[in-house]
Structures are given as structure tokens and as C-alpha cells.
Amino acid sequence: MDVDKANAALQDLGNSSWDQQEGAYKLLLKVLGNISEKPDEQKFRSVKTTNAAIRSKLLDIPGGEAFLTSVGFVVDGESLTFGGDGEMAGVARDLVQEHANRSVEARLREERDRKIAEEKAKAGSGVINAKFSGTGYSAEDRERLRREAELDKMEREAAAKNHIPKSSKSKLPADQSGQFGTAGTATSAQFKRGG
């Protein structure tokens, strides 16, 4: 078995559409799984190259036939026959499984990223429309509300940038000398003494 050629063939297979990849992975896992589980049964050790399903799901896909030959299948007339043992078929099956798992994960990440981008695009332009659709507001009213909300947001941001917080002591009562608690207000010491 040539692992480098097998991985290169799986890379080629991975460049196909997801439907083609999925069909090829399932077929490879089934064929190699059967061989590894029952290595002495001849019916599992060869695949007919004239079989329409095998041809469309595997042999016509870039990397499909190259993978089979790289893991020990040899051309035998109208068949590809596996020349290795059950352990070798198990190793080949594990290669396919690892590659298929990575492909599934990559596909799921792409879908997740696409959905996030769509949601961000919707949220950026359609929050007001989403909140008020179906509530009787016309498209013009929704647009006016959206513009007002954007202006309000810009005003709040500008006010926050220019806002200088006042000292918290400026809101507390003070006597003429500016001392807190001396202009008729009881201090904590007076409460403790009962005064």
C-alpha cells in the first residue's frame, strides 16, 4: 500500500462535490470494511468496473480508481481485485474514514460560517424590518423608524465619546465649607454614639 498516493487520491476525491464525495466514501467504507471483516471471502475482494453504481459513485470520480490501486487493488479484466490481507484493508478503511470525517467537519464549518454571514447581513440591515413586519407598519414607516434608530444610536455614541463624568461627591449635601455631613446631616460617628 502506498499511503502517500492513497492520501493524494483522497485529496482529489475531496475536490469533488459533496454528493459525489459522500457516495464515494460510503462505497469505499463498505468495500474495505467487508474485506477487513471477511478477508477470505472472494466475493468481497473484487469490484466489477462495469457495475454502473461502482462506476458512477467511485470510478468516475477523480481520485476514486487511483485510491483503489494505491491501497492494493489491481486491474483484473473487468474487475479490480484486492491483493492485500484483511489488516491492509482495515488500514485503508481507516484512511478513508479519517478523510471523510475531516471533509464533513470542513463542510459543516463552511455551512456555519455561511449562516453566520447571512444572519449578520440580515441583522445589519433588517432589524427594524424584522421587528415591525406583520405589525401593520408600512414599508415607509419601517424605513423611517430604522433611520431614526440609526440616528439615535449615532447620537448616543457621540454623547458617550464627549461625556465627562462628574464627581459623585458633587451630588451629596454639603455645608458652607464644603464638608460632607456637617450641615445638619448626621455622620456615622453620631449614629454610633446615639447622638
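Guide: One term to start with: contact means heavy atoms within 4.5 Å. Also keep in mind that this is a predicted model.

Visitor: What covers the buried residues of helix 3?

Guide: The cover includes helix 2, strand 1 (46-48), helix 4 (64-70) and strand 3 (79-82). The residues being covered are Ile54, Leu58 and Leu59, which are buried in helix 3. Looking down the axis of helix 3, you'd find its buried residues within an arc of 70°, so they line one face of the helix.

Visitor: How do I describe two packed helices?

Guide: You give the angle between their axes and the distance between the axes. Here, helix 2 (residues 18-37) packs on helix 3 (residues 52-59) at about 120°, and the axes are 8 Å apart. Helix 2 and helix 3 are therefore oblique to each other. Helix 2 brings Gln20, Gly23, Ala24, Leu27 and Leu28 to the contact, while helix 3 brings Ile54, Lys57 and Leu58. Sorted by class, that contact of helix 2 with helix 3 has five nonpolar, two polar and one charged residues.

Visitor: Which residue caps the N-terminal end of helix 3?

Guide: That's Asn51, with a side-chain oxygen 2.8 Å from the backbone nitrogen of Ala53.

Visitor: And Ala100, is that buried or exposed?

Guide: Buried means under 20% relative accessible area. Ala100 sits in helix 5 (residues 86-132), and its relative accessibility is 8%, so Ala100 counts as buried. In sequence, Ala100 and Tyr25 are 75 residues apart, yet their C-alpha atoms are 6.5 Å apart in space.

Terms used. Residues numbered from 1 in each chain as written. Predicted model: local features only at pLDDT ≥ 70, side-chain atom pairs only at ≥ 80, totals over all residues. Heavy atoms only, no water. Axes fitted to C-alpha atoms, helices over the stretch in contact; angles between N-to-C directions. Helix = DSSP H or I, 4+ residues; strand = E, 2+ residues; numbered from the N terminus. Parallel < 35°, antiparallel > 145°, perpendicular 65-115°, else oblique. Nonpolar A, V, L, I, M, F, W, Y, C, P; charged D, E, K, R; others polar. Buried < 20%, exposed > 50% of the residue type's maximum accessible area, 1.4 Å probe, protein only. Arc of directions from axis to C-beta. Polar contact = N/O pair within 3.5 Å; in protein donor to acceptor, adjacent residues only side chain to side chain.
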